[in-house]
Structure formats: C-alpha cells, structure tokens
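Here's a quick briefing to read with the model open on your screen.

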Amino acid sequence: MSQVITPPRVSVLFVCHGSVYKAMPDVETYGLPYRDARDFKGDTSIVTHAPCRAWSQLKAFARPPKGERWLAVWSVLQVRRNGGVLEHPRGSALWDRMNLPKPYEPPDEWGGWTMEIDQFHWGHKARKSTWLYVVGTQEVPLMPYRAGGPTHVVANASRTRKREGPNKAVMKSWCTKSEREQTPPAFARWLVDLARRCSKFHPA
C-alpha cells in the first residue's frame with residue numbers, strides 16, 4: 001500500500017479578510033481582526049505579506065498607524081529564523097533598512113536572496129513589480145508567462161495619462177485600492193509552493 005505524503009505546513013502572515021489562502025490545505029493563516037500575525041509560533045516556514053505602505057516608493061504619502069512600519073522588520077526576522085518568503089513592492093526601503101540583498105546580488109549571511117517578479121504573469125490586472133526575499137531554498141517553482149499587456153495600471157491615473165500622452169487610443173483603468181493589494185490566487189499558490197521548499201527548517 002502506497003504511503004500518503006502530507007505536504008509540509010506553511011503559515012501565511014498578514015492575510016486580509018476573505019483571503020484565498022484561507023481555503024488552501026495545510027496552510028495556517030494569520031491576519032486581523034481574528035488572529036494577530038505576531039502570535040505566530042515559529043513552527044513552520046512562512047509567506048509574509050508584511051505591511052508595505054510605510055516602505056514603498058509612495059511612503060511620503062502614507063499614514064500608517066503607530067507600530068505598523070516595524071511589522072515589516074519583524075517579518076524579516078521571522079523569515080530568517082523560520083525560512084520562507086517575504087513579499088514587498090520593488091524598491092521597498094525595507095531592503096536598505098535591513099541590509100537585504102537586492103536582485104542579482106549574492107545571498108546574505110542567512111542564505112537569503114532576492115528575486116524580482118511581475119504579478120501580471122500570475123493574473124494581476126496591472127504590472128506589479130515585486131521583490132521576494134527568500135530564505136531556505138534556491139529552488140524556485142516553475143514560473144508562468146502571460147502574453148499580452150495589462151488592462152489596468154497601479155500608478156495614479158493622471159500620471160499615467162501624462163506619460164502615455166493625450167492621443168493614446170485606449171486608456172488603461174486605474175486599479176482600486178483593493179485591486180492593488182489583492183494577491184492573485186495563482187500567485188498565492190506559487191508562494192506557498194516556494195515556502196514549502198524552505199521546509200528543511202521544519203522537517204515534516
């Protein structure tokens with residue numbers, strides 16, 4: 001009789017209400033208002049969508065509540081301690097603050113390295129360049145390729161019009177706040193797969 005192999009559990013931190021992660025098998029989720037990510041016990045590898053508005057290229061306009069900024073620093077420490085992946089926008093100031101290697105730079109002393117991806121290829125409506133800080137594996141799941149172009153933009157609509165010019169035949173729509181923050185289901189599954197490859201930190 002063949003043995004049933006249970007995939008390693010993964011914890012996903014800072015999920016939103018109704019997150020696609022909550023329906024995934026062998027995935028434990030943490031997100032307010034029901035479960036604070038800081039209650040994570042450190043017994044699995046992780047995917048963390050640490051709050052990013054205080055670290056992004058638009059941080060000058062952000063108004064995060066007190067203490068939110070340091071949740072990203074805390075997340076880096078959890079990835080280094082437990083293995084897994086941290087997701088943040090490309091150019092996040094968190095990389096300089098925590099001395100994280102940028103894309104194509106050598107790994108740091110924890111074996112952590114950074115890759116840049118575009119969430120468009122996983123189904124996002126817009127181009128959304130993202131940095132992933134990974135600790136625990138150099139093995140990356142198969143990455144998809146999506147032909148064509150996006151129907152929406154993440155940037156401010158007025159800036160997009162200025163950049164593309166008044167004679168642009170088809171103007172792209174501006175993503176809403178929820179659309180900007182949404183993790184495409186295919187990307188969520190891919191991140192969990194990546195984190196499972198870091199499970200040597202926590203053998204099944």
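V47 has V85, in β4, as its bridge partner. That contact belongs to a parallel pairing, with three bridges joining β3 to β4 (residues 84-89). Keep in mind that this is a predicted model.

**Around β3**
- On its other pairing, β3 runs parallel to β1, and four bridges link the two.
- Within β3, I46 is the residue that S11 stands opposite.
- Which way do the residues of β3 point? S45 and V47 go one way, I46 and T48 go the other, and all are buried.

**The whole sheet**
- The sheet is open and has six strands, in the order β2-β1-β3-β4-β6-β5, with mixed pairing.
- On average, neighbouring strands here are turned by 20° against each other, ignoring direction.
- An antiparallel pairing is found between β4 and β6, which share six bridges.
- G84 takes part in β6's bridges too, with V135 as its partner there.

**Helices on the sheet**
- Helix α1 (residues 69-82) lies across β1, β3, β4 and β6, and its direction runs at about 155° to β4.
- Helix α5 (residues 185-196) also packs on the sheet, where it touches β1, β2, β3, β4, β5 and β6; it makes an angle of about 150° with the direction of β3.

**A closer look at α1**
- With 14 residues, α1 reaches 21 Å from its first C-alpha to its last, close to the 20 Å expected at 1.5 Å a residue.
- How many of α1's 14 residues are buried? Ten are, so the helix is mostly covered, buried here meaning under 20% relative accessible area.
- The buried set is L71, A72, V73, W74, S75, V76, Q78, V79, R80 and N82.
- What covers them? The list includes β1, β3, β4, α2 and β6 (129-135).
- Just past the end of α1, G83 takes a positive phi of about 85°.

- F14 is not a glycine, yet its phi is positive, at about 65°.
- You'll find F14 in the loop between β1 (10-13) and β2, and it is buried, with a relative accessible area of 19%.
- N99 also has a positive phi without being a glycine, near 55°.
- Look for N99 in the loop between α2 (94-97) and β5 (113-118).
- Is N99 buried or exposed? It counts as exposed, at 64% relative accessibility.
- L32 and P33 are joined by a cis peptide bond, with omega about 10°.
- P33 sits in the loop that runs between β2 (27-30) and β3 (45-48).

Terms used:
Residues numbered from 1 in each chain as written. Predicted model: local features only at pLDDT ≥ 70, side-chain atom pairs only at ≥ 80, totals over all residues. Heavy atoms only, no water. Buried < 20%, exposed > 50% of the residue type's maximum accessible area, 1.4 Å probe, protein only. Pairing = 2+ DSSP bridges. Expected span 1.5 Å × (residues − 1). Contact = heavy atoms within 4.5 Å. Axes fitted to C-alpha atoms, helices over the stretch in contact; angles between N-to-C directions.
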